[in-house]
Amino acid sequence: MKPSAFAAAALLLTAAPALAAEPDFSWLAGKWIEVDGPRTTREVWHAPLDGAMSGVGQYSEPGKPPRFEMMTITAEPAGITFTAYLKGQPPAAFLYEPGESGVASFVNPDHDFPQRVTYRICGEDICGRIDGKQDGKDKSVEWRYRRDR
């Protein structure tokens, strides 16, 4: 017996909230810091609220002006999207690439650099990586944040 269109629609509607709740990036929430010689990098991520997260990054190095970045993780029609907002640049959107638990990887093959942004749980820390091609060559930058208490 085939299910009716109504029954199929009801099944989709009841399944939608469970699908919207996945994946869970709540482990990214908090204050994070990396001190690498004279350079300090900090990120603060707000806990998910209504399925969205927002964050801000600050990068300081003596003799250079500080840099700031705003970031969001939101559910968009194209899928779960990480968007970076940097001063003087248009927003850069990256789509979530499903993978293992504790890893948040987002890709945009059409972006100049990076084409991938990844956060992952590293014990009590958060490891990050951006990678892709720049000027036709493979490039990556990695960091490891510890919780900033």
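**View 1. The hairpin of E1 and E2.** In this hairpin, two residues lie between the strands, and Gly-37 adopts a positive phi near 65°. Strands are DSSP runs of E with at least two residues, helices are runs of H or I with at least four, and both are numbered from the N terminus. E1 (residues 30-36) and E2 (residues 39-45) run antiparallel and are joined by seven bridges; two strands count as paired if DSSP finds at least two bridges between them. Within this pairing, Gly-30 has Trp-45 of E2 as its bridge partner. The model is predicted: local features require pLDDT of at least 70 and side-chain atom pairs pLDDT 80 or more, whereas totals for chains, interfaces and linings use all residues. Residues are numbered from 1 along each chain as its sequence is written, and side-chain values use heavy atoms, with hydrogens and water left out.

View 2. The 10 strands close in the order E1-E2-E3-E4-E5-E6-E7-E8-E9-E10, with antiparallel pairing. From one strand to the next, the twist averages 25° (axes are lines fitted to C-alpha atoms, for helices over the stretch in contact; angles run from 0 to 180 degrees between N-to-C directions). E1 and E10 are antiparallel and joined by two bridges, and Trp-32 has Arg-147 in E10 as its bridge partner. E2 pairs with E3 (residues 53-60) over six bridges, also in the antiparallel sense; here Trp-45 stands opposite Gly-55.

**View 3. The largest nonpolar core.** Such a core is a set of buried Ala, Val, Leu, Ile, Met, Phe, Trp, Tyr and Cys residues joined through side-chain atoms within 4.5 Å; buried means under 20% relative accessible area, exposed over 50% and partly exposed in between (1.4 Å probe, protein chains only). Of its 23 residues, Phe-25, Leu-28, Trp-45, Ile-73, Phe-82, Phe-106 and Tyr-119 touch the most other members. Strands that each supply at least two residues include E4 (67-76), E8 (116-122) and E9 (125-134), while E6 gives the most, with three. Beyond its neighbours within four places in sequence, Leu-28 is in contact (heavy atoms within 4.5 Å) with Trp-45, Met-53, Ile-73, Tyr-119 and Ile-126.

**View 4. Confidence along the chain.** The average pLDDT, the predictor's confidence in each residue from 0 to 100, is 87, and 85% of the residues score at least 70. Among the elements, E6 has the highest mean (98) and helix H1 (residues 5-21) the lowest (34). Where pLDDT is low, predicted coordinates should not be read in detail.
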